[in-house]
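Hi there,

Here is the structure I promised to pass along.

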Amino acid sequence: MSFISYLKDGISLGSIYAIIALGYTMVYGIAKMLNFAHGDVIMVGAFVILTAITKAGLPPAAAILISVVFCTVLGIVIEKIAYRPLRKASSNLAVLITAIGVSYLLQNLALLIFGADAKSFVTVIDVPSVSLFGGQLVIKGITIVTIVVSVIIMVALTFFVQKTKPGRAMQAVSEDRDAAQLMGVNVNATISLTFAIGSGLAAIAGLLLCSAYPTLTPYTGAMPGIKAFVAAVFGGIGSIPGAMVGGILLGVIEIFGKAYISSQVADAIVFAVLIIVLLVKPTGLFGKNIQEKV
Amino acid sequence: MRNWKKALSVTAAVAMAATMAMPVSVFAEGDETFKIGVIGPMTGDYAQYGTNVYNAAQIAINEVNENGGFNGYQVELLAAGDDMGDPEKAVNAYNDLLDKGMQMLCGTVTSGSCIAVGAEAAESTFLFTPSATAVDSITSGSNEFRMCFTDPAQGAKSAQYIGEHGLATKVAVLYDSMADYNSGVHDSFVEAAEENGLEVVADEAYTTDNNTDYSVQLKKIADSGAELLFLPNYYSDNALILQQASEAGMDIKFFGVDGMDGILNVENFDTSLAEGAMLLTPFSATAEDEASQAFVKSYNELTGGETPNQFAADAYDVIYAMKAAADAAEITPDMANEDISAAMSEAMLSTELDGLTGKAKWTEDGECDKEPKAFVIEDGAYKEME
């Protein structure tokens with residue numbers, strides 16, 4: 001029974017990684033850049049919800065809506081101010097470094113506004129726990145919500161990218177930016193839209209992360225962000241189902257590592273998995289093997 | 001660099017002597033005071049620690065002056081030396097305070113700075129830190145003393161307290177293995193557990209980077225049959241641990257150390273979860289004894305409504321310990337720093353103090369030997385345990 005209980009914990013943790021990884025993988029798949037500030041947008045989203053509920057006294061639904069809108073706008077603004085001017089720069093490194101800069105900027109702004117003290121997150125999602133096998137296995141409401149929400153987002157994103165017009169524009173931009181432009185796709189608008197969706201997802205991820213582990217500091221998003229990045233690479237960066245599977249597997253590996261090996265080296269195990277996967281299958285579980293044309 | 005510094009300080013000293021020669025010689029007789037300096041972070045991230053120490057030192061010195069000062073001489077607290085918690089700035093502040101005539105140092109407040117300043121002050125200026133917990137803070141010279149427990153001492157004292165008071169026999173530990181404070185306390189606790197009749201049935205860790213999900217560790221602890229969970233972590237982590245333990249339906253006692261102080265002030269934290277939790281800490285502003293209450297009131301008046309923390313209580317006790325030693329050593333303000341330092345260090349070994357943080361004596365290493373104090377959280381406030 002403890003095995004099933006650990007498995008449940010792993011899936012619960014993994015589905016949060018999965019939602020964050022979806023944001024990473026979207027942006028990477030389409031804009032071909034690693035948005036290292038993604039984890040910090042999650043933190044911003046959580047702070048917006050917390051402030052809206054505790055300071056402004058808004059109902060949870062309104063707070064979530066405000067947070068999603070706020071993060072969406074934030075994502076568009078970051079892309080426009082920090083990334084777009086560099087997109088034509090000679091190396092991808094410039095954008096990567098800028099993303100790290102944006103990450104620190106967001107962390108320090110939050111530090112300035114909210115202080116370094118950890119804050120307990122309020123209960124936003126109130127779903128009763130489910131008790132199975134005569135109380136031997138208790139599944140928390142938030143776990144169920146997280147899993148359901150991450151599956152819905154994955155399906156919706158897949159549908160959006162494959163079946164809708166803006167989604168196809170995204171695919172086109174991803175395949176070949178210049179060719180897409182020649183075909184009449186507005187590249188800048190498409191990438192803006194990608195960031196908007198990615199950051200909106202970050203707000204949802206922030207809500208779920210802080211509901212499952214109710215503490216919030218300016219650094220809350222940083223480590224889950226890195227882990228989710230690992231999950232995205234693990235699943236094959238750029239692949240939407242890959243992010244989902246990678247996230248859940250990573251969560252399960254982490255929890256099993258803690259439970260059956262040692263709680264001291266849980267993180268080491270997670271990153272060791274990344275190294276092994278990259279050695280064996282450099283494109284990740286679901287990654288496409290793209291031949292470089294010379 | 002060194003020569004340049006020396007030249008500068010000599011020039012400064014000459015200039016100062018020249019400008020001050022006249023008035024000093026006129027007033028010297030009736031105006032002799034001891035000058036005490038405080039070094040600590042007065043601004044920046046740890047400003048709370050430094051300002052608490054400085055304010056409390058001021059309160060204690062005011063009281064001491066009303067009651068005859070040190071060995072009959074009035075005591076003056078120099079303007080605070082701000083090091084922002086940085087060792088290099090601390091050494092600069094130390095030199096600056098010496099130039100202003102500092103004879104004894106109440107500080108420094110943080111460990112890193114104290115190690116650096118301790119090396120400078122060794123066998124020259126009497127150093128008494130209220131709050132630097134790292135072992136090395138006072139190991140440079142025999143004239144360096146400490147008011148608080150060291151990190152390792154906290155772990156051993158916790159084990160002793162739990163054992164002596166029969167709080168549990170089977171204990172579990174959950175700590176941050178990446179932070180030296182947490183792991184230092186953990187190591188000494190585990191080491192001292194056996195001799196205090198405690199069996200460590202679960203020894204679980206997490207890391208600073210992975211400090212949100214404790215479900216697995218808590219489950220292992222629950223399965224181990226432990227009666228008490230020792231949590232040598234800062235309050236923010238402990239708040240989350242208590243929350244998750246409650247969600248998991250665990251019925252276990254919690255015991256923390258001074259880093260847990262502050263748990264009741266975590267924003268939005270449901271303080272009823274901390275009900276019954278115990279912590280080893282030298283001082284609490286809500287303690288009901290007369291001395292603590294009087295101190296809290298004075299602090300409140302001086303700062304316009306602020307509440308002192310344990311750093312303040314430690315600093316308050318430092319000044320009183322200095323007074324006891326100064327009276328016994330019969331030092332006078334015209335003595336050189338080296339002589340004051342030697343006489344004070346000698347007298348400290350026979351000094352006993354019944355202070356805010358407990359009844360204290362000092363060993364030759366400068367370590368404070370006092371009974372640990374524990375508090376239990378009842379009705380959302382600390383109550384001292386019997």
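Among the contacts in chain A between residues at least 6 apart in sequence, 75% join residues at least 24 apart. Please keep in mind that this is a predicted model.

As for burial, 51% of the 294 residues of chain A count as buried.

Now the overall picture. Chain A has eleven helices and four strands. Its radius of gyration is 19 Å, close to the 19 Å that the globule rule gives for 294 residues, so chain A is as compact as a globular protein of that length.

One helix pair is worth a look on your screen. Helix α5 (residues 141–163) of chain A packs with helix α10 (residues 240–261) of chain A at an angle of about 165°, and their axes are 9 Å apart. Since angles over 145 degrees count as roughly antiparallel, that makes α5(A) roughly antiparallel to α10(A). The crossing of α5(A) with α10(A) is right-handed.

Which residues meet there? From α5(A) they are A:Ser150, A:Met154, A:Leu157, A:Thr158 and A:Val161, and from α10(A) they are A:Ile240, A:Pro241 and A:Met244. By type, the residues of this contact of α5(A) with α10(A) divide into six nonpolar, two polar and no charged.

Terms used: Residues numbered from 1 in each chain as written. Chains lettered and ligands numbered in written order. Predicted model: local features only at pLDDT ≥ 70, side-chain atom pairs only at ≥ 80, totals over all residues. Helix = DSSP H or I, 4+ residues; strand = E, 2+ residues; numbered from the N terminus. Rg over C-alpha atoms; globule rule 2.2 N^0.38 Å. Buried ≥ 20, exposed ≤ 12 C-beta atoms within 10 Å, placed from the backbone. Contact = placed C-beta atoms within 7 Å. Axes fitted to C-alpha atoms, helices over the stretch in contact; angles between N-to-C directions. Parallel < 35°, antiparallel > 145°, perpendicular 65-115°, else oblique. Left-handed = near helix turned anticlockwise from the far one by under 90°. Nonpolar A, V, L, I, M, F, W, Y, C, P; charged D, E, K, R; others polar.
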